[in-house]
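Biologist: I would like to go through this model with you. Can we take it one question at a time?

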Amino acid sequence: MGDDMIYWTRLQSEEWPLYIAATDEGLCFVGSVGADLEELKAWQKKKRPKAMLVEDDLKLGRYVKELQQYFEGEKQCFELPIDLQGTSFQMKVWQALQTIPFGQASTYGEIAQKIGQPTAVRAVGGAIGANPVAIVVPCHRVIGKSGSLTGFRGGLEMKKSLLKLEAISF
């Protein structure tokens, strides 16, 4: 890895203005709706300090296109490559999130079961909260056992909007 580059752009959408970033391997960050560039810079400093942030609208064109198609209800499954880095536990949780189909919700307990660690519900919550690629790795599809909306890096309004977009009742 070393001095890899992280390319970023701002997805300009009326309802979904957010920053996204990718390496040559794939999408590595999806920001919170309405957040500024500082959110991306803080993540990069903490998680990939050796990487250089470079604005590149062209390089991120395919990612922007797929996300916009999703926001417009034209796309339910992402085909773009992702570049996730985390602990082995986080990677297991993030892989499990990617198996939740569009339009369906899961609970923290179900994710813990799916990864074979049924008592690790709190740790699963922590790993979900650390997911850097919101939306594409669909952490918004995880709700509390009682159907309650629980924390979300992008805020509960963003989570509600994503669930509504997918017609998931909560």
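What follows is a set of questions and answers on a predicted model.

Biologist: Which strand pairs with β2 over five bridges?
Modeller: The partner runs antiparallel to β2. The two form a hairpin with six residues between them.

Biologist: Which residue stands opposite alanine 22 in β3?
Modeller: β2 (residues 18-22) and β3 (residues 27-30) pair in the antiparallel sense, over three bridges. Alanine 21 stands opposite phenylalanine 29 in β3. For alanine 22, the residue opposite is leucine 27.

Biologist: Which residue in the turn between β2 and β3 has a positive phi?
Modeller: These strands form a hairpin with four residues between them. The phi in question is about 160°. The residue is glycine 26.

Biologist: How many of the five residues of β2 are buried?
Modeller: In a regular strand, side chains alternate between the two faces of the sheet. In β2, Leu18, Ile20 and Ala22 point one way, and Tyr19 and Ala21 the other way. All are buried. β2 is largely enclosed by the rest of the structure, because the buried count is five of five.

Biologist: Is aspartate 83 buried or exposed?
Modeller: Aspartate 83 lies in the loop between α2 (61-71) and α3. Beyond its neighbours within four places in sequence, its contacts include Gly26, Leu27 and Arg48. Buried means under 20% relative accessible area. Aspartate 83 has 8%, so it is buried.

Biologist: Why do the buried residues of α5 lie on the same side?
Modeller: The buried residues of α5 (residues 121-129) are Val124, Ala127 and Ile128. An α-helix has 3.6 residues a turn, so residues three or four places apart point the same way. What covers the buried residues of α5 includes α3 (88-97), α4 (108-114) and β6 (142-143). They share a side of α5 because they cover an arc of only 100°.

Biologist: Which element gives the largest share of the lining of the largest pocket?
Modeller: The largest pocket holds about 280 Å³ of space. Its lining has 19 residues, with Trp43, Lys46, Lys47, Ala130 and Pro132 nearest the centre. β3, α1 (37-47) and α3 each supply at least two residues of that lining. The largest share, five residues, comes from α1.

Terms used:
Residues numbered from 1 in each chain as written. Predicted model: local features only at pLDDT ≥ 70, side-chain atom pairs only at ≥ 80, totals over all residues. Heavy atoms only, no water. Buried < 20%, exposed > 50% of the residue type's maximum accessible area, 1.4 Å probe, protein only. Arc of directions from axis to C-beta. Contact = heavy atoms within 4.5 Å. Pairing = 2+ DSSP bridges. 1 Å grid on protein atoms, 1.4 Å probe; cavity = no way out; pocket = protein on both sides within 12 Å on 5 of 7 lines; lining within 4 Å. Points joined across faces, edges and corners; volume = space filled by probe spheres on them.
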